[in-house]
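Subject: Structure handover

Dear colleague,

Please find below the structure I said I would pass on. My notes on it follow.

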Amino acid sequence: MWAVSTLTMLVLAGLLPDFQLQSADGDSATRIAITAALGAGAFGVLSAVVWPLLVRLLLLVPALVLGLLVFFLNGSLLLLALRINPSGGAEAAPETAVIVAAVMSAVASATGAALAVRDDDAYRRRLLRLADRRRRSVPACPATPGMVCVQLDGVGHDVLTAAVRKGLMPTVARWLATSDGTEPTTPDGAEPTHRLTPWRTDWSSQTGASQLGILHGSTFDVPAFRWYEKERGEVMVSNRPTSAAELQRRAVAHTGDGGLLTVDGASRGNLFSGGADEQALVLSIAARRRGRENRSRAGYFAYFCDPANAVRTALSFVAEVAREIGQSTRARMRKQRPRVSRGGLYPFVRAFATVVERDVVVAAVMGDLLAGRTAIYADLVAYDEVAHHSGPHSRDAELVLQRLDRSLALVEKAAEHAPRPYHLVILSDHGQSPGETFHARYGLTLADLVRAGCGLPVPRRAEGTHSGAEARAAVRAALGRPVEEKGGRHRPAPGSQPLVLASGNLGLVSFQDVQHRMSKEEIDARHPALLTTLANHPGIGFLLVRSEEHDGVVLGPYGTEIPLAELDETPGPLARFGPGAADAVRRTHSFPHTADIMVNSAHDPADGEVLAFEEQIGSHGGLGGAQSHPFLLSPCTLSAPVGPGEELSGAEHVHHVLRRWLREADGPQVPVFRVREARM
């Protein structure tokens with residue numbers, strides 16, 4: 001590696017006029033080579049010794065800022081290396097030093113990776129450097145298999161099978177021994193190593209509910225991505241750190257145990273900890289004050305302390321920003337429909353999700369594997385972020401799937417070098433349904449329609465609902481800034497006007513001045529035209545409201561009113577939403593914090609499209625289409641998730657399946673309620 005760095009420095013000295021390896025009077029070729037060798041050696045030593053210390057100090061500042069300082073810090077180390085070079089004569093302009101250092105680190109990284117692929121021991125040593133640096137040695141671990149779960153956020157069952165069929169995900173195709181993602185085909189005699197199982201979410205088809213259910217075994221009282229709690233006067237938002245911490249606390253209290261990962265577990269890039277002791281980039285702990293108690297950004301140190309990693313990720317970040325700008329410009333010039341705005345900070349948010357978060361989380365998972373941890377759960381949000389703005393079946397999203405497949409191959413390779421065998425489980429928390437936005441089709445937002453039904457003035461210009469993609473929360477957590485609603489709307493001012501919130505194609509209407517959940521009769525008495533206006537609008541699929549006569553009713557167009565108890569015999573407007581819709585609606589109705597009016601957008605079963613109440617052309621959060629149908633990809637050596645003819649329904653069911661697999665591997669029994677978790 002030293003020779004490669006020396007050669008790189010010599011080449012750059014010949015190409016860049018402001019970078020010199022000889023004195024003004026000229027030196028012999030031998031002396032120039034010695035100067036380059038000494039400079040490369042000094043730069044390597046400084047990178048190995050000084051860089052980790054700088055990164056640890058920079059954890060005191062927002063993590064995303066660290067990525068922006070990578071080039072400056074690397075250039076500074078190179079200038080220092082040239083200054084202490086005993087041969088003298090070497091010098092570089094500051095801006096040139098940045099370029100030279102970046103190229104040297106990138107070349108060293110690429111060369112090291114290429115050599116490591118050919119040498120298992122070298123590859124293992126490189127992966128070990130990605131492990132948590134605070135663990136000085138890998139402790140002895142059991143010989144029983146561990147389990148690593150990688151969540152591909154937002155990748156529906158339909159998207160995965162289509163990607164396999166198109167050859168976009170060869171690693172997954174190899175595991176299934178298939179070319180179309182359905183029936184195994186073994187032309188080369190290979191047997192499938194994994195089985196693919198679809199599962200169905202609750203009504204709230206979003207990460208906050210699904211991941212809470214998978215990791216903590218409860219989705220109780222999570223009616224949507226965001227909702228209003230009347231007794232607290234607060235809007236709960238699943239991707240706000242304070243809300244995530246509260247949801248985790250409630251789930252622990254509800255189930256009586258700490259979570260799936262409470263024994264020798266690791267949680268990476270998730271909204272919730274799962275009870276793991278090893279946590280990095282976990283949103284539910286990001287609200288704590290900085291210090292030893294807050295380890296949400298510890299994963300950044302483990303990754304960025306290697307300058308080659310830092311440079312490679314920084315370069316990829318810049319390339320991804322340019323790629324997004326090019327793709328959005330092309331879509332705008334072609335006048336593609338549907339389309340949403342992709343300007344402002346979005347290119348940087350996308351680059352963070354598809355590059356920084358992916359690289360850091362994958363590196364942390366590989367470190368966990370090599371440390372021999374028993375249960376690992378990680379979330380990769382790249383596809384979900386891109387599909388929201390480009391569409392779930394777009395070429396942009398397909399390119400992300402290809403890169404995610406390569407990440408899975410890296411995890412698989414690391415598992416081969418782990419000190420214990422591993423079961424590799426891949427799953428998703430929800431899918432995404434395509435379709436244009438409600439505002440784009442009808443020229444008004446759901447809030448405008450509600451105001452019209454209440455007889456209130458409707459503003460001329462409707463304000464788009466802020467997207468609730470998980471990547472935005474990860475960026476804000478990396479910046480050390482809390483996730484808040486615009487204008488402080490997490491604690492809206494009390495008043496008689498309705499509060500309207502959106503979660504994909506699910507809308508929630510709450511009356512803040514009434515402390516209980518209003519009934520249909522009360523709403524009709526207060527706003528006689530509201531429920532009729534909503535139910536008869538062509539962009540609305542159905543409403544759920546409490547009823548004094550029937551406990552709860554589903555409302556549809558033309559005066560349709562069906563009690564919840566009769567939905568199985570007379571599904572009415574729920575018929576278009578497929579099996580399980582009635583059960584999902586009835587369960588949500590039982591939640592304490594269900595809104596006064598629950599509004600689900602219209603759904604076209606022919607093309608699977610819905611109408612998002614947010615600015616997203618790929619959405620999830622309600623009922624309708626592929627958003628409710630994620631997948632579970634599990635090793636064939638484990639028992640089947642469900643029996644023949646049974647359906648895997650709900651994130652809580654997935655949680656129990658994962659617990660069963662841990663028991664099958666003779667792994668940890670998930671312990672009962674832990675005092676430490678209860679006091680979070």
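Does Glu398 count as buried or exposed? Glu398 counts as buried, at 13% relative accessibility. Here buried stands for under 20% relative accessible area, exposed for over 50%, and partly exposed for values in between, with a 1.4 Å probe and protein chains only.

Before the rest, the ground rules. This is a predicted model, in which local features need pLDDT of at least 70 and side-chain atom pairs count only at pLDDT 80 or more, while totals for chains, interfaces and linings use all residues. Residues are numbered from 1 along each chain as its sequence is written, and side-chain values use heavy atoms, with hydrogens and water left out. Helices (H or I, at least four residues) and strands (E, at least two) are DSSP runs, numbered from the N terminus.

Salt bridges

The whole structure contains 33 salt bridges. The term covers a side-chain nitrogen of Lys or Arg within 4 Å of a carboxyl oxygen of Asp or Glu. As background, side chains of opposite charge can pair when their charged atoms come close.

Glu398 is part of one of them: its side chain meets that of Lys166, at 2.6 Å from N to O. Because Glu398 belongs to helix α14 (residues 395–416) and Lys166 to the loop between α6 (157–165) and α7 (170–176), the pair ties together parts that are 232 residues apart in sequence. In contrast to the buried Glu398, Lys166 is exposed, with a relative accessible area of 52%.

A second salt bridge joins the side chains of Glu416 and Lys413, with 3.9 Å from N to O. Both residues lie in helix α14, 3 residues apart, which is about one turn of the helix. Glu416 is exposed at a relative accessible area of 55%, and Lys413 is partly exposed at 27% relative accessibility.

Asp524 counts as partly exposed, at 25% relative accessibility; Lys520 is buried, with a relative accessible area of 16%.

There is also a network of salt bridges, which links Glu229, Arg232, Glu234, Arg240, Glu246, Arg249 and Arg250.

How many residues of helix α8 are buried? In this helix (residues 207–216), 10 of 10 residues are buried, among them Thr207, Gln211 and His216. At the start of α8, the backbone nitrogen of Gly208 has a side-chain oxygen of Gln206 within 2.7 Å. After α8 comes Gly217, with a positive phi near 75°.

Helix α16 (residues 446–453) has Leu446, Asp448, Leu449, Val450 and Gly453 as its buried residues. These pack against α15 (438–442), β12 (498–503), β13 (506–511), α19 (530–536), β14 (540–547) and β17 (597–601), where contact means heavy atoms within 4.5 Å. Just after α16, Gly455 has a positive phi of about 75°.

Cysteines

How many disulfides does the structure hold? It holds 0 disulfides, a disulfide being a pair of cysteine sulfur atoms within 2.5 Å.

Backbone points to check on screen

The peptide bond between Arg337 and Pro338 is cis, with omega about -5°. Pro338 is in the loop between α11 (307–333) and α12 (346–371).

Asp221 is not a glycine, yet its phi is positive, near 60°. Asp221 is placed in the loop between α8 and β5 (226–229) and counts as buried, at 8% relative accessibility.

Leu281, also a residue other than glycine, has a positive phi of about 60°. Leu281 is found in the loop between β8 (278–280) and α10 (298–304). At 16% relative accessibility, Leu281 counts as buried.

Regards

Technical notes
Polar contact = N/O pair within 3.5 Å; in protein donor to acceptor, adjacent residues only side chain to side chain.
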